[in-house]
Every structure is written in C-alpha cells, then in structure tokens.
Amino acid sequence: MTLVVLVNFQVRGFVKENWTPHNHVEFKRMNKNCFLNFDRLGFLMANGARTFLTVSKSTSRLLHLPPASSRFFPPFNSSFNGATFCSSTGTPSMSINLQSHAFARNPIRSKTPKPENPLSPDSSFESLKSKLLAKTPLLSSPDFKILPFRKGWPLVSCNGGKRNGGLASGWGLGWISLADCESLLALSGSKVTEDLLVYLGSSVEDDAVYWATDFSGADNLDAELGQRKLNFIELRMLMVATNWSDTWAMGQLAIAGHGRALLDWHRTSRFCGHCGERTVPMEAGKRRECSNQSCKLRIFPRVDPVVIMLVIDQENDRALLSRQSRYVPRKWSCLAGFMEPGESLEEAVIRETLEETGIEVGKVVYHSSQPWPVGRSTMPCQLMVGFFAYAKSLDIKVDKAELEDAQWHTREDVKKALTLSDYKKTQRSAAAKVEQLCNGVESRHSQSADINAEDGGLASMFFPGPYAIAHQLISSWAYQDNEK
Ligand SMILES: [Zn+2]
C-alpha cells in the first residue's frame, strides 16, 4: 500500500551534506508544501531529516504525536521513538526507527536472554568453561566471537566483505574466534581463562555470543595482527571516523563503547572498597563480588551521570555557549557538569549554570541522553543527559576556574556556524587514517588525539561534531521555530 498525503513541512536553512548525505539533492529540491508518500517520509526522517522539518498539525495527528511535539521534532524526542505511521483508515502501515546518538542503540544487547537460553550470560559462561577445558572437538553452537581491547582501544579490521548481507565500507570490529584468542595469547605466554572474558551480548540470528577481553598485557602481537590487517584503534578516532548515517557502522561503535566501558570498570574494580580484599567477576562479567566470604560485597558496572544543557534566552532568541581552555581555537559548546549526590537532574542543570556563568535558570526541559565511554577522566562510562534550560537572568559572570569564556550567540550566528562547518571532511580523513592504520601504512603508534581540529571549516566558530549530544542540542535549537 502506498499512501500519499500532503505533508506540510519545511526545509529549514541549508541542509548539511555530512548529516544527510543520501538526501542532499532531494532536500534541496523540496518546497514548503509537497506531496510525499509515507514510506518516503519515513525513510527521510530515519536518515536525519527530522532536524530540519516541521510537521503540520494534521500530519501530527496521523503520526499519533502528542500535542507538545506537534510543531517540531527534536531529533531524538523519546516520545517519537517507534512512532507508527498510519494509513487514513487508522491501520498501522509502517514503523520508523530514528537514528540514535553515537554509542547508543547497541545491536547485540537490546535484551538479555533468560538463564535457561543457551545465549544467556549464565548458560554461555558454562559452555565457555567446558570449551576451555575440552580435550575433544568443541561444540560449534553457539558460536563465540571475541573482541580484544588494548588499553581501551578495540581491535579493528578494514577488510572488505565482512559486513552482513551488503558491501563493506569503512571499519568494522575485529572479532576473533575462541581458538584464535587462545593461540594469540599463547604467543605472549598467557592462557585464556573464563574470568578474562566479559559477556557483551548475543544474536539469535547468528546463533552467536559476543565477548570482550583485555589484551593490554599482550604487547608482542603486532606482527601477527598486522598480517591479518587488524589493529587496535583509539575509540575517539573511531567515533569521528564512523559514517553517522550508516546504522550498521553506528552499531559497531556502540558495541566498542560498551566493551571498553565494561573492561575499564573491571580493571579499576579489582579490590573491595569495603574490606580491601580482591573482587572476582560474576555472571560472565556482568558484576563483581568480594572474595572475602564474610564480606561478599556485590558491585555493579559504574555509570557517571553528567548534565549537559543549552541555556536559551527566549526573549532575545539567543543561546549561551562556552569555551573551555583545553578546546582548540574557535570551538564552542554547551555547559555541562557532573551530578552531585542527593540532587535531581533539574537541580544539577540549575546549579551548574549558576556556578559556571552566574545565570539563573527557570524552566528545564529534557531533550535526550547519550552514553559517553570516551570521557577524558578515569570514568568508565558517563551518561550525558541533555536539556534545554531557559534563562531567567542574562548577565554573564564566568567562573574562570571552570571556563575560559561564555557568551550569548544569536540563532543566525549559530546557524551560520553550523552551515560553514565541515564535519564530513573530518569524518572522511579520520576514516582514511583508520584504514591506513589497519593496513599498516601508518605507524601503529602514531594515532593523534588532535582529530577534531578540522571541524571548523571556514566558520569563525564551530561546535562538536554530530557524534556528540552537544551538537544535537545546538542544532535542534538553531533549526526549531522561533518561540517568540
Ligand atoms: Zn569486601
């Protein structure tokens, strides 16, 4: 069934090639009002169009959206996730799955199977133990796939043809078999034990269980890995190198982020904070427990919540952006800060804004959240919780210990900066670098931290790339209707 409706939406401003590469030409052709079938609209929105669209009230009713969302689609509005497009008779005809933030939507961990399922953490851990002990040929089902990390960097392959059912492009995770894992570790004199492997998830379709393991102690494998065109690559570089409109590639990044966060947490949680004894992994690495029988403290993987907010001056149609001293020149971003114990998210937004800029915040509106396993501190995984915060006062008093500068910027200036920035160029050059590292063209130790320096293009200021929630907050605000 093809349903064609008048979709009263508008393309706002210049559509950035980097965010909607497949739809670039199509967007340029669009007028304010056009006929579009729902399949096409769903495809466009699933490929990043939502940032630039407003949808009429009548269409909103067809989309079953709540009234608050009817004027504007924030890119990751949770109330819109999984919204069902309906035909005029009210029969659901298709669902759309919106893109998500980088590191979210991990394809192998949407649901943990029940313990009796062979793909569950408990059952697969038992079969892992028997496989490691087996002297006889191993059972082939389920398949075990292992992702090695070195100091938080996942093993990556740029070999073509590994992608499910399609052409390979860009990087993919360097999964190895259990037998490969054993032979590689044997090269550095180590032995695989079940406690070294951490359960990442499973796939019913592939009859596979996925594990992460830490190869940080095995540093003489470069030649062997190099022959297979495999290399350990910095996660931040992979984040920048990932094509954001490619769901498969974003899934690879999410798996890598999850594995890194879990292994980092295991590495820093080896001793009990209560009695000081050693802790041991339990439930296939999903938690740890103190080995002191009179203590047995249970500890779980750590997540550190951070509030990140775009502070908005509604009266003058401006947004507050700030610079930290560690930023490259011309880079500006949202305010952010760690939560304190006993504090609500909204209170943290209000407190951090006041402390860092002297501005009082009134209304606080939730936008979306993003796992962030690439923070600069020793935290295994931050959870960035994004808000729009509406200012009650406008005079800025910057706390120089926290920020280098903070200023109000008009919507026009912000739009101009978004238009002139060249994130796609940065993405392409990072992808080329990853490929060179996999193929041994570049030195295996030359990975540079300065991978965002080109983001600015010709702009007088620029913001973090589309892989960061800060970018999504800023572009959502810039392209939404003026609230005045
Ligand atoms: Zn203890």
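**A helix and its surroundings**

Tutor: Just after helix α11, Gly440 has a positive phi of about 75°. This is a predicted model, and the description that follows rests on it.

Helix α11 itself covers residues 423-438. Its 16 residues, at 1.5 Å a residue, should span 22 Å, and the end C-alpha atoms are 23 Å apart, which agrees. Buried in α11 are Tyr423, Thr426, Gln427, Ala430, Ala431, Lys433, Val434, Leu437 and Cys438. These residues lie on the same side of α11, because the arc they cover around the axis is only 160°. The partners of the buried residues of α11 are β6, β10 (230-232) and α7 (235-241).

Lys151 is not a glycine, yet its phi is positive, about 50°. With 14 other C-beta atoms within 10 Å, Lys151 is partly exposed. A second residue of this kind is Glu283, a non-glycine with a positive phi near 50°. Glu283 sits in the loop between β11 (279-282) and β12 (287-290), and is partly exposed, with 14 other C-beta atoms within 10 Å.

Helix α4 (residues 121-133) has 13 residues, which at 1.5 Å a residue should span 18 Å; the end C-alpha atoms are 18 Å apart, in agreement. Its buried residues are Pro121, Ser124, Phe125 and Leu128. They are on the same side of α4, because they cover an arc of only 105° around the axis. On the other side of α4 are the exposed residues Lys129, Ser130 and Leu133.

The remaining case is a pair of helices. Two packed helices are described by the angle between their axes and the distance between the axes. For α10 (residues 411-420) and α12 (residues 469-479), the axes come within 9 Å and cross at roughly 120°. α10 is therefore oblique to α12. The crossing of α10 past α12 is left-handed. Arg411, Val414, Lys415 and Leu418 of α10 make the contact with Ile474, Ser475 and Ala478 of α12.

Definitions and conventions:
Residues are numbered from 1 along each chain as its sequence is written. This is a predicted model: local features need pLDDT of at least 70, side-chain atom pairs count only at pLDDT 80 or more; totals for chains, interfaces and linings use all residues. A residue is buried if 20 or more other C-beta atoms lie within 10 Å of its own, exposed if 12 or fewer, and partly exposed in between; C-beta atoms are placed from the backbone. Helices (H or I, at least four residues) and strands (E, at least two) are DSSP runs, numbered from the N terminus. The expected span of a helix is 1.5 Å times one less than its number of residues. The arc is that of the directions from the helix axis to the C-beta atoms. Two residues are in contact if their C-beta atoms, placed from the backbone, lie within 7 Å. Axes are lines fitted to C-alpha atoms, for helices over the stretch in contact, and angles run from 0 to 180 degrees between N-to-C directions. Angles under 35 degrees count as roughly parallel, over 145 as roughly antiparallel, 65 to 115 as roughly perpendicular and the rest as oblique. A crossing is left-handed if the near helix is turned anticlockwise from the far one by less than a right angle, and right-handed if clockwise.
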